[in-house]
Amino acid sequence: MAQVFGGFLPFKEIKAVTASRVVEAAENGTLFEVTGGSGVTFTLPAKAANLIYYFVNTVDQNMTVESAGSLDDIIAMHDAAADSIAFSTSSQKIGAVLCVFANHDASKWIAMNLSAGANTATAA
């Protein structure tokens, strides 16, 4: 866990990101902070027990989190078989926060929109 101001945050490290990338299983517990670029896509690793990742967008650009391949293995709001979650609605990108973790038997990813206020997370 990262220690900040004497308290603890639920992630082990924070990484600034400016380009699309593949998330590694070894980065379990990491918060990925989108700080620039022209749209960033994160590709999740193979599902495994106890994997959890956080994603936050701090700039006005699209941020997408997708499964490795078209596996229909992300559970999102109103979609039990999504391939990706995108924050791409105009004026609703900055401050988008997503937590993705493997479910109890590592057969699905569960996506939780942790953004404050109203925004649109599009499952596809």
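Biologist: In which sense do β3 and strand β5 pair, and over how many bridges?
Modeller: This is a predicted model. In it, β5 covers residues 30–34. V17 stands opposite V34 in β5. The two strands, β3 and β5, pair in the parallel sense over 5 bridges.

Biologist: What is the strand order of the open sheet?
Modeller: The open sheet has 7 strands, with mixed pairing. Neighbouring strands of this sheet are turned by 25° against each other on average, direction ignored. The order is β3-β5-β7-β12-β13-β9-β10.

Biologist: Which are the edge strands?
Modeller: An edge strand here pairs on one side only.

Biologist: Which residue of β12 does F55 stand opposite?
Modeller: Strand β7 spans residues 52–57, and strand β12 spans 97–102. They pair in the antiparallel sense over 5 bridges. In β12, the residue opposite F55 is L98.

Biologist: Which residue in the turn between β12 and β13 has a positive phi?
Modeller: Strand β13 covers residues 109–113 and runs antiparallel to β12, joined by 5 bridges. F101 stands opposite I110 in β13. The two strands form a hairpin with 6 residues between them. In its turn, the residue with a positive phi, about 55°, is A106.

Biologist: Which element has the lowest mean pLDDT?
Modeller: The protein has a mean pLDDT of 90, and 93% of its residues reach 70 or more. Among the elements, strand β4 (residues 21–22) has the highest mean, 98. The lowest mean, 46, belongs to residues 3–4, strand β1.

Conventions. Residues numbered from 1 in each chain as written. Predicted model: local features only at pLDDT ≥ 70, side-chain atom pairs only at ≥ 80, totals over all residues. Heavy atoms only, no water. Pairing = 2+ DSSP bridges. Helix = DSSP H or I, 4+ residues; strand = E, 2+ residues; numbered from the N terminus. Axes fitted to C-alpha atoms, helices over the stretch in contact; angles between N-to-C directions. pLDDT = per-residue confidence, 0-100.
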